[in-house]
Amino acid sequence: MQSIHVDTFDDWRDAARRLLASGVSPTDVQWIGGTERSLFDDEPSPTAADLGGEGTTPSVPKAFLELARYVASHRESGRWSLLYRTLWRLTHGERHLLEVTTDDDVYRLTQMRKAVSRDIHKMKAFVRFRKVDTIDAEEQFVAWHRSDHRILRLAAPFFARRFSGMHWSILTPDESVTWDQTSLHYGPGVPASEAPSEDALEDLWKAYYASIFNPARVKVAAMKREMPVRHWPTLPEAELIDDLLREAPARADAMIQTNEGFAETAAHFMPEHGDLVSLRQAASTCRACPLHQCATQTVFGEGSPTARIVLVGEQPGDREDIEGHPFVGPAGKLLDEALKQAGIERREVYITNVVKHFKFRETETPRGKRRLHQKPDSREIYACRPWLEAELAAIGPQVIVCLGATAAQALFGRDFAITKDRGNVMRTDWCDITIATWHPAAILRMQDAARQSQMRTQLVEDLASVK
Amino acid sequence: MDVRDKLQVLADAAKYDASCASSGAKTTRPGSTIGSTEGMGICHSYTPDGRCVSLLKILLTNYCIYDCQYCVNRISSDTPRARFTVDEVVSLTMEFYKRNYIEGLFLSSGIIQTSDYTMEQLIAVAKKLRTEQRYGGYIHLKTIPNASQSLIEEAGLWADRLSVNIELPTEGDLYKLAPEKKKPQIEGAMAGIRDKIDETKQEQKAGFKPPRFTPAGQSTQMIVGATDAPDVEVLKTASQLYSVQNLRRVYYSAYSPIPHADARLPGQSPPLVREHRLYQADWLIRFYGFDASEIVAEADQNLSLDIDPKLAWALANRHYFPVDVNKASREELLRVPGIGARNVKRILNIRRFQSLASGDMKKLRVAWNRAKFFVLTANHNPALLNLDKLDLRSKAEPKTKQLMLFDAASSALSGEV
C-alpha cells in the first residue's frame, strides 16, 4: 500500500500518470488530501518523482481530463481515489466507461462535477464588487465570496475576460485573486472581516431590486432554490426580502382593487363606415364616458371634408354646447380673427375638439346658475380620442394644429410642454406636420395685457407658418 | 426627480415584461473592455417572485401616446411618470455592470412624440455604450411599433437581441385591447429583422465580414389571460412565429393585475400555472417534434392545468405505447412523459454499451413516476400493466397540487417534461 499526498489537480495528474505506468492497482494506493493526515503521519510520503516508472502511459479520453479537473476542486476527500479508480478502469478494458452514466463511479463523478459547475455558476452570478478608494486615479473593485468548493482558479479567467478593463480582486476564505488588466495573481485566503463593507451604489441597486419585484407573483421556494440562503450575507439586496414578502399580499390586493378608466371607449361606438357623416351620426349617441349625461349634445367637428389643415381644440364650451357647433363662442371669435390675419379661410379648414362633450361645474350666482368650464381628465380624453382619430383618418390632413396643451398632449404624449415646444413642427403618427399653439381661450384669460397681445401675435404667426 | 426616483418608476413599469434571458450571442464584441456575452444564463439575483434578475430591465420613459388596455403605461392611466436621459441609462448600466449586479441591459420605452423619435433614443443608449464605454455586455432593445426599417437595422448593429412584442395571440384581441397596434405591422417589423439576420448570415457564409446584427436573434412576448383566446390559438400563433419569423423565443406572460388597471379588464391574480403549461407546450413544439394542434387535446382547446402537456398527450394516445427504451428511436423516446431531451440523448448513448433497466432510468433522474407507465425496460416493469386501465390518469398525475407548483419554475426554465 502506497500513501500519496496531493493538493491540486496537477499533483494528482503527475502521481496518477506514474502509478498507472508502473501498473499500480487502485486498491494498492491510499490518496491523502492536503489537509488530511495518514495513519503513518511521521513517514514522509513519496512525492511524484519518487514513484519512478517512466514507461508510456496509455492515452485517456480528453473528456476524462476535463471531468477530473472539475472533480479535483470538489471538497470531498474521496475524490482522488475515485478519480484514480476510474482512470484505471478506463485504461483497463473499459474505454467507453464515461458514456455509461449509470455506472456507480461515473455517476458519483458526474454528481461531483455538477456540484462544482453549479458552484462556479453561482460565483459568476453572486460575486458583488465594491468600489474602493485607491491612490492612483484608477477605479479599484473588490469582492468577497464564499464558495462551496475550491473553484477560484476555475472561475477567475471568466472574470478576467469579462472585466478586462478594470482593476479587481476576488477574496475567498481559501485563496484570493487579483487582476491588474494584464494577468491574474493568486494569493492567500482572506476572512470576510478584511473585505470592504459597502459601496455607495448599493442603494440604487436595492431600489431597482425592490421595484422590479412583482408582488402579484410570489414564489419563495423557487427563489431560495436558485439563490441559496448561504449566499445572502454577501448580496446587499437580500436584506430587503423579508419586507418585500410581508408587504406583498397587501400590495397585490391593492393592485387588483384599484382600477380606473371606463368600461368602454368611443371605439365601441364606431360606425361600420368611417366617413364623416357616419361618424358624426354615431358620435351623437356616444356614452363612453359620463360627460354625455350633463352636456346638452355631442359637438362634433365641422368644416371641409377635404381640408388641408385640421385645428384641434380641447372641448366645447358653454355656447358650443347649446348651439352644437365648435368654436362659436368668444374663443371662436378670437380664432376667426387670427385665421383671417394669417390668411386662412375658416371654411377651408376642419375644426374639432379632443373631447366632444362640454364638461362643467354649476355654481349659483345672484343672477342664477352659471356653468363653469372644467378641464377634462385623462380618462375622458382617451375615452373620446377614437373620434378624433377617426376624423383625422377620414380627412387625412397635411397639417394638424393643436390648440392648447390638452390637444397637444393627446397627440404628443403627456410629457409635452406647450411653453417649450409651441410653434415647433413635429411629426406624429397622424400627420407629418403637427404643431401646437395657444388655445384662444387661454389668450382671453390672460390678465397681463402685454403678454396677451404677444400670445395673440404668436397664434397668428403659428397659423401663418403652416398656411 | 433624481435618478433613484426615476429608477423606481421606470423599473416598476418594466416589471411586467417576462423576457429576461441573456443568452444567444455566441461571442463577445471585439474591442470591448468591460462586459462579455459568454456566460449563458447567469442570473445575478432572484426576487421573491422566483424570477431572476439578470438584466437591468427598465423603460427609457413610461410616458406613452398609446392606449393599450393591458398596459400600466397607457396614456389614459394615472400612473406616475418619469423619463431617463440617455446618459443616465448609460451610466446606470455601466456602474451596475462593473459591480457584477447584472448581465446586461434590457431597454424598452413608452412611445413619445413618434415611433421613430422613440426608437432613435433607444439606439442612442446602445450606441453610446458600445462606442464610448467600449461595453461588450448584453443589450436587448425592444423595438418600437411602427418604427422605420432603417432604424431597426441600426438598432441591430448595437444590440444583441431585438424584440417586437406580438402582445396578444389574435388579431381580434389586438383590435379590442390595443387598437393602435396592428398585427400586419408587428409581423412586418419581425420580417424586417429576420431578413436582415438572414442577409448577414449569407454574407458570413460567402466569406465576407458583415457588421454584427443582433447575434442573439429576435424574441417576442405574448400576454396570456387578458382575453379569452384559448391555448390552442396562443400556441398556433407561437409556432407560426417560430417557423415564419424564425424567432429564438416566445415569452408568455400571464396577465398580471396592474395598478391603475383599466376597468375594461377583470382584476385577477395572474394564471401562473397556465403560463407554465404554455412554456412546457412551447418546448414540446420546438424540441420534441410536437405540433400545436396535437398538444391541446381538451375539448375547450386549453391545456390541462393539473397535468403537464406531454402526459396529457400520452394519456390520449395510449396506442403509441409502450416504448422500448432499449430499441426505440430518438423521436419515439422524446414522446415519453417524464423523459427530457437531455436524458433521451444519454439513453441513446448508454445503450450502445449496455441495456437499460428501470433502476438505470431512476439513476438518470427521469421522472420515473410518470415514465414507468409507458416504457419497456430490460427488466420486468410492473407499472406497465396500468397502461390500458381507466384510472391511469389518476395514477400518473402529481400526487399533490403543491408539488406541481414547486417544480413549475425550474421546469419552465429547462422545459423538461
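## Basis

The model is predicted: local features need pLDDT of at least 70, side-chain atom pairs count only at pLDDT 80 or more, and totals for chains, interfaces and linings use all residues. Residues are numbered from 1 along each chain as written, chains are lettered from A in the order written, and side-chain values use heavy atoms, without hydrogens and water.

## Where the chains meet

In chain B, 89 residues are in contact with 84 residues of chain A (heavy atoms within 4.5 Å). The buried area is about 7,600 Å² (accessible area lost by the two parts on being put together, 1.4 Å probe, summed over both). Carbon and sulfur atoms give 56% of it. On the chain B side, B:Tyr46, B:Pro48 and B:Arg99 lose the most area, together 10% of what that side buries.

Between the chains there are 7 salt bridges (a side-chain nitrogen of Lys or Arg within 4 Å of a carboxyl oxygen of Asp or Glu). One of them joins B:Lys363 to A:Asp104, with the closest N and O atoms 2.7 Å apart. Helix 1 of chain B (residues 3-12) gives the most to the side that touches chain A, with 6 residues (helices are DSSP runs of H or I, at least four residues, numbered from the N terminus).

## A parallel sheet in chain B

Chain B has an open sheet of 6 strands in the order 3-4-5-6-7-8, with parallel pairing (strands are DSSP E runs of at least two residues; two pair if DSSP finds at least two bridges between them). Strand 3 (55-59) and strand 8 (249-254) are the edges, each pairing on one side only.

Strand 4 (residues 104-108) and strand 5 (residues 138-142) of chain B pair over 4 bridges. B:Gly104 has B:Tyr138 as its bridge partner in strand 5.
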